[in-house]
Amino acid sequence: MSKVGNWQLGREMEFPYEGARPARQIAYVFDTNKCIACQTCSIACKTTWTSGKGQEHVFYNNVESKPYGFFPHGWDVHLLEKLGTGRWSGGTYEGKTVFEAAAPNERVLGYAPDEADYASPNLGEDVIAGTIERGAFFQGIHRAWMFYLARICNHCTYPACLAACPRKAIYKRPEDGIVLIDQSRCRGYRECLKACPYKKVFYNAITRVSEKCIGCYPLIERGEQPQCVQTCIGKIRLQGFLSPPGSERADNPLDYLVRIRKVALPLYPQFGTEPNVYYVPPLHVPRDFLAQAFGPGVEEAAAAYRSAPTDRELLGALLLFGNTPRILHRFRAEAEEAIGYDAEDREVVRVPYTEPFFAREFFDRKNDVYRHNVT
Amino acid sequence: MSNSNSLIGNAKGHYETVFNTLPRVEMLVVNDWWWTASCEYADVVFPVDSWAEFKHLDVTASVTNPFLSVFPRTPLERIHDTRSDIETSAGVAAALSELTGDERFARMWHFVGEGRVDVYLQRILNASSMARGIDVLAAEERAKNGVPTILLSRTYPKSVGWEQAYESRPWYTRTGRLELYRDEPEFRAAGECLPVHREPVDATFHEPNVIVAKPHPAIRPKGPADYGVDAGVLDGETRQARNVVRPWAEVEATKHPLTTRDPAYRYVFHTPKYRHGAHTTPVDTDIVAVWFGPFGDLMRRDRRTPFVTESYIEVHPDDARELGCQDGDYVWVDADPEDRPFHGWQQRPEDYHIARLLCRLRFYPGTPRGVTRMWHNMYGATPGSVRGQETDSRGLARNPETGYQALFRTGSHQSCTRGYLRPTQMTDSLVRKNLHTQVLGAGFEVDVHGPTGAPRESLVKITRAEPGGIGGKGAWRPVELGLTPGNESPALKQFIAGSFVQVAKGGS
């Protein structure tokens with residue numbers, strides 16, 4: 001065991017390998033407030049990567065309704081129960097991570113899902129906590145609530161799957177932090193399935209090896225965002241790269257949203273893997289549930305998000321979501337528009353803060369026609 | 001008929017159409033790019049190109065889309081031996097010319113044969129106030145490069161009423177002003193001179209279709225007596241045109257006539273559209289269908305499941321418990337036996353077996369008690385799909401002859417619906433805009449003033465059929481795991497309360 005720094009926990013923690021951060025870390029921001037659980041991301045991913053035999057139960061990407069939705073069944077409830085109640089003091093996590101809570105003969109605390117747990121990928125869709133009575137209405141934090149949680153591999157800084165693999169078949173790319181399984185080394189022991197706290201590694205009974213989200217690395221390598229990000233019709237996703245802690249740049253949209261404005265938070269940071277999908281928490285959900293899911297920063301993140309309409313910089317960063325297939329390495333908030341730049345610092349997208357309004361002439365002389373708003 | 005999910009498959013009162021209307025229809029021809037329920041009942045099906053396979057340019061527009069939707073011609077080979085739907089029409093027209101010697105049939109479709117449908121499209125665009133000035137071939141070139149073509153509405157964003165509000169132009173009414181009082185005789189007779197609330201024609205716990213109002217000088221309809229009808233007659237045919245005014249205090253004390261006959265009829269049943277499918281979505285593709293709610297399973301562990309997923313009725317957990325049902329059980333859902341699932345079902349047990357709705361029940365706390373929901377857009381059972389399920393060793397509800405895949409064991413959400421007519425949508429005197437021009441007219445007009453809709457809800461009774469566990473043994477697995485509403489394990493309760501972590505106050 002080594003001691004490694006985990007900024008999400010505000011402390012060092014134990015990990016089976018030396019800490020080795022990539023030059024830049026693939027990272028995503030998902031805005032839960034905009035997701036409608038249409039599952040377009042799930043279908044885009046499935047048709048791209050996992051439509052073969054042996055992959056029937058495999059969804060690298062899924063969207064689940066919280067709190068009654070799970071894929072596989074009950075995954076986070078099971079692990080939280082095993083981990084016991086954890087405690088945050090300020091920004092520091094005082095409980096145990098999945099590495100620290102492991103049994104003496106294990107590297108990671110985990111569990112192996114039953115095959116039947118992969119049935120009903122949309123279990124719990126739209127189910128609310130609480131009941132709706134006649135005359136019910138919503139305001140602020142809702143008494144009856146649910147929200148949609150879109151999930152992919154977190155390409156963790158300290159991957160539990162990697163830590164658990166007895167054959168070192170899982171590796172993290174130094175150039176971008178994408179976590180991959182070397183299928184020629186894998187022997188299908190499924191220690192990674194057991195260890196991954198997010199249950200985003202899958203076993204393929206036809207190939208008899210394990211597989212997982214590859215971060216659409218062929219797209220990443222040519223400067224484009226992954227399929228699940230590009231196809232999102234709600235424009236809830238932005239993929240980019242996080243700089244190593246200490247070298248954040250305010251003009252890198254990922255650094256800005258995650259490390260500087262802290263408007264997006266990791267999912268279950270207490271597991272200790274330093275996951276790299278960051279969520280803007282849903283504003284209407286009770287804070288205790290959100291703190292359990294996203295850590296102690298939810299109040300601060302919600303306040304920052306609420307300030308976006310009057311905060312040009314933050315609004316600019318949020319408006320760049322879903323408006324270009326290119327990966328943005330830099331952004332700038334101008335008076336009327338937010339501008340995004342690619343790796344070569346070329347302008348690739350420009351988004352106005354407010355939708356422009358045009359009124360055409362009533363009579364279009366050139367085309368000899370009157371223009372109306374009703375056909 | 002063409003390109004719909006599907007004109008017959010999703011007709012309100014679907015099984016009335018299937019078992020009582022279609023037998024009297026001489027011939028049914030369907031254009032479709034996917035084998036829907038409409039194809040199941042067709043004499044001839046023309047397989048036509050999907051959007052991805054168009055060999056003829058096409059464009060369309062909708063009121064809610066600021067852009068012209070352009071479908072450029074594809075360079076890809078067709079996957080199957082299909083034709084464009086415009087070619088099937090042109091082919092029929094050519095045959096009619098041959099049979100009759102009248103060249104006009106073929107001439108109507110002249111440019112289809114020449115591969116120049118852009119001529120027709122350009123004529124349509126030129127005749128539209130919102131599209132005149134758009135060159136359709138230029139729009140196609142832009143579309144190929146991912147560049148949209150914006151419609152030429154008066155304003156962008158299009159804001160209906162902008163000209164009336166900001167430029168004092170007349171509204172599309174007889175006086176040119178916003179009219180909130182209708183004085184046409186049909187509206188006076190119906191008691192609908194003012195905007196009034198009518199109870200739903202079926203989906204109410206109370207007297208159906210009654211106008212809920214206190215006595216008012218502008219609400220004086222012709223009642224049943226004026227038409228020589230007994231005021232106590234409340235059957236489905238009569239009550240759709242029944243004009244009775246009662247204050248809420250009285251309505252609240254009434255009961256739906258069906259509930260009076262049998263108190264088990266006490267659930268409002270809604271069938272709204274679903275996020276995972278729309279009119280032209282082939283909802284029987286497995287990786288899409290598996291997301292349709294909580295009963296998806298690509299491994300089909302329970303062989304009763306008609307496909308890799310199935311339809312379900314959502315019921316408040318307290319109502320479900322009263323019915324003796326657990327989450328995931330199978331139930332029968334029945335609407336008014338007088339006319340559903342089709343008139344005369346009592347004498348036709350084989351057809352009734354296909355048409356009666358059997359589905360999973362799901363605990364759903366998101367609607368008030370008494371209100372239930374089943375999503376629209378799932379393929380209903382047909383004689384072929386039921387035969388498939390009963391003879392296929394895998395239990396798939398798939399027609400062995402056609403491959404049609406139902407998402408129900410028997411029946412569909414349309415087992416419980418039917419069409420009703422609204423007299424004030426069918427008058428000859430209402431002044432309204434014509435469909436495609438700025439000209440005013442009166443009376444019937446497609447999509448503007450005509451019987452254009454039907455209620456998608458009804459009043460039903462729910463009866464437990466089978467337990468939800470695999471093969472009908474025990475409860476559905478997520479219930480056993482304590483993961484569904486009303487069946488929460490202690491761990492799930494703790495999870496929902498958020499008490500697996502504590503956050504010490506005062507830190508930063």
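This is a predicted model: local features need pLDDT of at least 70, side-chain atom pairs count only at pLDDT 80 or more; totals for chains, interfaces and linings use all residues.
**Ground rules**

Local features here need pLDDT of at least 70 and side-chain atom pairs count only at pLDDT 80 or more, while totals for chains, interfaces and linings use all residues; side-chain values use heavy atoms, with hydrogens and water left out. Residues are numbered from 1 along each chain as its sequence is written, and chains are lettered from A in the order in which they are written.

**Entry 1: chain B overall**

I found 18 helices and 17 strands in chain B; helices (H or I, at least four residues) and strands (E, at least two) are DSSP runs, numbered from the N terminus. Of its 508 residues, 51% count as buried, where buried means under 20% relative accessible area, exposed over 50%, and partly exposed in between (1.4 Å probe, protein chains only). I also looked at contacts in chain B (heavy atoms within 4.5 Å): of those between residues at least 6 apart in sequence, 65% join residues at least 24 apart.

**Entry 2: strand β11 of chain B**

Next I looked up β11(B), residues 330-334, and four of its five residues are buried. I checked its pairing, which takes at least two DSSP bridges between two strands. β11(B) runs antiparallel to β12(B), residues 357-363, with four bridges, and there Y330(B) has R360(B) as its bridge partner. β11(B) also pairs with β16(B), residues 457-466, in the antiparallel sense over five bridges. In that pairing I find D334(B) opposite K461(B).

Where is Y15(B)? I found Y15(B) in helix α1 of chain B, residues 14-21. Y15(B) counts as buried because its relative accessibility is 0%. Leaving out residues up to four places away in sequence, Y15(B) touches several residues, including P341(B), F342(B), I354(B) and S415(B). I noted that R362(B) is 347 residues from Y15(B) in sequence and 24 Å away, C-alpha to C-alpha.

P341(B) came up again when I looked at peptide bonds. The bond joining R340(B) and P341(B) is cis, with omega about 5 degrees, and P341(B) is in the loop between β11 and α15 (349-355) of chain B. I noted another cis bond from Y156(B) to P157(B), omega near -10 degrees; P157(B) is found in the loop between β6 and α8 of chain B.

**Entry 3: where B meets A**

How many residues of chain B are in contact with chain A? I get 71 residues of chain B in contact with 75 of chain A. The two chains bury about 6,300 Å² between them, 59% of it on carbon and sulfur atoms; buried area is the accessible area (1.4 Å probe) that two parts lose on being put together, summed over both. On the chain B side, R154(B), W291(B) and F495(B) lose the most area to chain A, together 13% of what that side buries.

I then counted 39 residue pairs in polar contact between the chains, both residues at pLDDT 80 or more. A polar contact is a pair of N or O atoms within 3.5 Å; within protein, one must be able to donate a hydrogen and the other to accept it, and residues adjacent in sequence count only if both atoms are side-chain atoms. α18(B) gives the most to the side of chain B that touches chain A, with six residues.

The rule finds four salt bridges across the interface, each a side-chain nitrogen of Lys or Arg within 4 Å of a carboxyl oxygen of Asp or Glu. I looked at R275(B) with E125(A), whose side chains meet at 2.8 Å, N to O.

A359(A) has T155(B) as its bridge partner.

**Entry 4: over to chain A**

Six of the six residues of β12(A) are buried, so the rest of the structure largely encloses this strand. β3(A), residues 25-31, joins β12(A) through six bridges, antiparallel, and I26(A) stands opposite F241(A). The buried residues of α1(A) pack against β4, α6 and β12 of chain A, together with α13 of chain B.

Last, I checked two residues with positive phi that are not glycine. A37(A), phi about 55 degrees, lies in the loop between β3 and α1 of chain A and is buried at 4% relative accessible area. K168(A), phi about 50 degrees, lies in the loop between α3 and β8 of chain A and is exposed at 57%.
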